Amino acid sequence: MTQFSRPPRTFLPEDFSVTTWEKLKSFYENLLNRELDSVEFLEQFLKDRSELEAVLEEDFAWRYINMNCHTTNEDYKKSFAEFVEKIQPELAVWGDKLNNKIVQCSVFEDLPDKPYLTFKRNLKTSVKIFREANVPLFTELETLAQKFGEINGAMTITHDGKELTMQAAAQVLESPDRSERETVYKLITERRLKDLDALDEVLDALVAKRHQVALNAGFK
């Protein structure tokens, strides 16, 4: 089996782990205070920012995975909620500050289209549609998505004397036995219908808040 390892860090300490926003803030301040008066400096800025955001994305992913794999573990739920409620809002605000710094620097347009064309276009769009009023809404959206996941994650069916999660039950739908597939399909559907009202409530709230995000950003 091929072993993969991440490249050594050059911006963050090797032993750095995400705990609180206070521990992260200094790295964002470092980036925000840099002089970007050459393409070389800008590219180094982008590499360091990329390293920082990669660490954050991996940490968030593991919190999400742990929470969904262990739906009854309160520590995992708390860890995920802390990231969403205390770290993500700060990342949104400071991320916009960094985006503006890049777009407004004198050498931004000097970045070669290959490989930066899509990056430059996306960055301009991010700056254009960012609204600080949407930051708390994104937190609420993430919390609602978590609730939706919890409802689904708690669902199980009993088939052939075994309790199966929805994911495990879905694998049975690949059975060559048509009768078994039909039985499990009906069990899955019946189980989901038991939480119909709860799921509808969450989805309605998600749609309403996403609509407000769009309005805040200037869309119809």
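Modeller: Let us begin with accessibility. Glu-53 is partly exposed, its relative accessible area being 25%. The classes are buried for under 20% relative accessible area, exposed for over 50%, and partly exposed in between, with a 1.4 Å probe and protein chains only. This is a predicted model, in which local features need pLDDT of at least 70 and side-chain atom pairs count only at pLDDT 80 or more, while totals for chains, interfaces and linings use all residues. Residues are numbered from 1 along each chain as its sequence is written, and side-chain values use heavy atoms, with hydrogens and water left out.

Biologist: With which residue does Glu-53 meet in a salt bridge?

Modeller: A salt bridge is a side-chain nitrogen of Lys or Arg within 4 Å of a carboxyl oxygen of Asp or Glu. Here the side chain of Glu-53 meets that of Arg-49, at 2.8 Å from N to O. Both belong to helix H2, four residues apart, so about one helical turn separates them. Arg-49, at 10% relative accessibility, is buried. Helices (H or I, at least four residues) and strands (E, at least two) are DSSP runs, numbered from the N terminus.

Biologist: How many salt bridges are found in a search of the whole structure?

Modeller: The search finds ten. One of them is between Asp-48 and Arg-34, again at 2.8 Å from N to O. Asp-48 lies in helix H2 (residues 39-69) and Arg-34 in the loop between helix H1 (21-32) and H2, so this pair ties together parts that are 14 residues apart in sequence. Asp-48 is buried, with a relative accessible area of 5%.

Biologist: What separates Glu-74 and Lys-77 in helix H3?

Modeller: They are three residues apart in helix H3 (residues 74-104), which means a separation of about one helical turn. Glu-74 is exposed at 52% relative accessible area, whereas Lys-77 is buried at 18%. Salt bridges may also be linked in a network, as for Arg-178, Glu-182 and Lys-186.

Biologist: Let us turn to strands. In which sense do S1 and S2 pair, parallel or antiparallel?

Modeller: Two strands pair if DSSP finds at least two bridges between them. S1 and S2 pair in the antiparallel sense, over four bridges. Ile-157 has Leu-164 in S2 as its bridge partner, and His-159 has Lys-162.

Biologist: What is the peptide bond from Lys-114 to Pro-115, cis or trans?

Modeller: That bond is cis, with omega near 20°. Pro-115 belongs to helix H4 (residues 113-129).

Biologist: Finally, which residues form the negative surface patch?

Modeller: Patches consist of residues with over 30% relative accessible area and no salt bridge; like charges are joined within 9 Å, and nonpolar side chains (Val, Leu, Ile, Met, Phe, Trp, Tyr) within 5 Å. Lys and Arg count as positive and Asp and Glu as negative, with His and the chain ends not counted. Each charge is placed at NZ of Lys, CZ of Arg, CG of Asp or CD of Glu. The negative patch here is formed by Asp-197, Asp-200, Glu-201 and Asp-204. Asp-197, in helix H8 (residues 196-216), is exposed at 63% relative accessible area. Glu-201, also found in helix H8, is exposed at 54%.

Biologist: Which residues make the nonpolar surface patch?

Modeller: Trp-62, Tyr-64 and Ile-65 make this patch, of about 320 Å². Such areas come from the Shrake-Rupley method with a 1.4 Å probe; for residues, only the protein chains shown count as cover. Ile-65 is found in helix H2 and is partly exposed, with a relative accessible area of 35%.
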